[in-house]
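Hi,

Here is the structure I said I'd pass along.

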Amino acid sequence: MYSEIHQFEPTLPSDRLMAELYPVAENIVTASVKLTAAAHATTRAALRELMRQMNSYYSNRIEGQSTHPLNIARALQHDFSTRPDEARLQRIALAHIEAEQALEHRLAGSSALSSAFLIAAHREMYERLAPSDRLSDDGIEIVPGRLRTQEVTVSRHIPPAAASLPRFLQRMDQRYGESRDAQCDVILAACVHHRGARVHPFLDGNGRATRLQTHCALWRLSQGLWSPSRGFARSVQAYYTALHNADQPMQGAYDGRGPLSEKGLLGWIQYFLGICEDQVTFMSGMLDLDSVRQRIDTLMLQKYRREAAAPLFHVFGLGPVSRGEFSQMTGLGERTARSLMAQLLADGLLVSDSRVGPVRIGLPLDTLSTLFPSLYPEVNHHP
């Protein structure tokens, strides 16, 4: 029976291997810092809300329980399907989005790398669902934030005995709980993701809770502008293979000094860092202003008027403007400019908090194939 914390080792790679991982972690940190300064704060906020929907979609897709992005958008407007199974998937997606927001607010006072945060992630996710929506595949109700009290088998993996869970979580806190430098925190986030999944502290919902924790563990770097869940879901077989390999026992005398394979753990961390580096690089390209300008020009020529491109790019890069300023920047006559702006508002490309207030950028799903191609391609496949 898996019940002693020494069976958990190594919790971190050796110092020599950690040093080899640092350059990739440094690249992620540097690119993330640059990305969080891209575009205006209101544009980043709009993109962040889009990424929440995307995170929900991808995390649930990994679990085989995703609903179409348009249905997630409808759920945010409290528009639920008349089909019970689809409506349940919408509620699960909405719970994930709301849990992500709530957990981000916790970051000021707690470490996202701690076991307490992992438990909070599970609780925030599942307490938003009715008991009928949080049944396991075996029909057992998942209790939000409650550690399992029974033994389980996950595929070929047997997690630690239920009675030993507090000891394993305490060991995780000893090794991972304190934030260090940014580069090390990225590596720790990878370790927490795997070792948390290996411990399997909850009866069900471990994957979702772990990915929520990972999102928050990387938040200070990502600011919600890039998503590891997107990368996991787009390489799901490699994701599960890397997790599985890190579960393996030590492979010979040169494979670390613990019962588990150090090479397997290293392979998982390398996969994790590769996903993070790929995602921050991808989003940096998406937010390159010269490229954004071209994509806005293309969208305006496709669906609107080319005169709207310059003011729309202005609010993307420099932030909200008054309605009068937006109209003037089009160079069109007053009536034509107002009509064009009204169309952009109706379609969601412009957003305002009142009928006469300033306008800022919006990112409706039906524009993404042009504005942010490849970011969320599933929106183009209608349910």
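Aspartate 133 is buried, since its relative accessibility is 5% and the cut-off for buried is under 20%. Keep in mind that this is a predicted model. The partner of aspartate 133 is arginine 91: their side chains form a salt bridge, with N to O at 2.5 Å. Arginine 91 sits in helix H4 (residues 84-106), while aspartate 133 belongs to the loop between helix H5 (115-126) and helix H6 (165-176), so this pair ties together parts 42 residues apart in sequence.

On the general idea, side chains of opposite charge can pair when their charged atoms come close. How many salt bridges does the count give here? It comes to 20.

Two others I looked at:

- Arginine 360 pairs with aspartate 353, with the closest N and O atoms 3.1 Å apart. Aspartate 353 is exposed at 70% relative accessibility, whereas arginine 360, at 24%, is partly exposed.
- Arginine 128 pairs with glutamate 127, and here the closest N and O atoms are 4.0 Å apart. Both ends are partly exposed: the relative accessible area is 31% for arginine 128 and 43% for glutamate 127.

Now for some helix packing. Two packed helices are described by the angle between their axes and the distance between the axes. For helix H13 (residues 289-303) and helix H14 (residues 309-318), the axes come within 9 Å and cross at roughly 140 degrees. Over 145 degrees would count as roughly antiparallel, so H13 and H14 end up as oblique to each other. The crossing of H13 past H14 is right-handed.

Which residues make that contact? On the H13 side they are Leu289, Val292, Arg293, Ile296, Asp297 and Met300. H14 brings Ala309, Leu312, Phe313 and Phe316. Sorted by type, the residues of this contact come out as eight nonpolar, two charged and no polar.

If you open one thing in the viewer, I'd start with the arginine 91 and aspartate 133 pair, then turn to where H13 crosses H14.

Cheers

Conventions
Residues numbered from 1 in each chain as written. Predicted model: local features only at pLDDT ≥ 70, side-chain atom pairs only at ≥ 80, totals over all residues. Heavy atoms only, no water. Axes fitted to C-alpha atoms, helices over the stretch in contact; angles between N-to-C directions. Helix = DSSP H or I, 4+ residues; strand = E, 2+ residues; numbered from the N terminus. Parallel < 35°, antiparallel > 145°, perpendicular 65-115°, else oblique. Left-handed = near helix turned anticlockwise from the far one by under 90°. Contact = heavy atoms within 4.5 Å. Nonpolar A, V, L, I, M, F, W, Y, C, P; charged D, E, K, R; others polar. Buried < 20%, exposed > 50% of the residue type's maximum accessible area, 1.4 Å probe, protein only.
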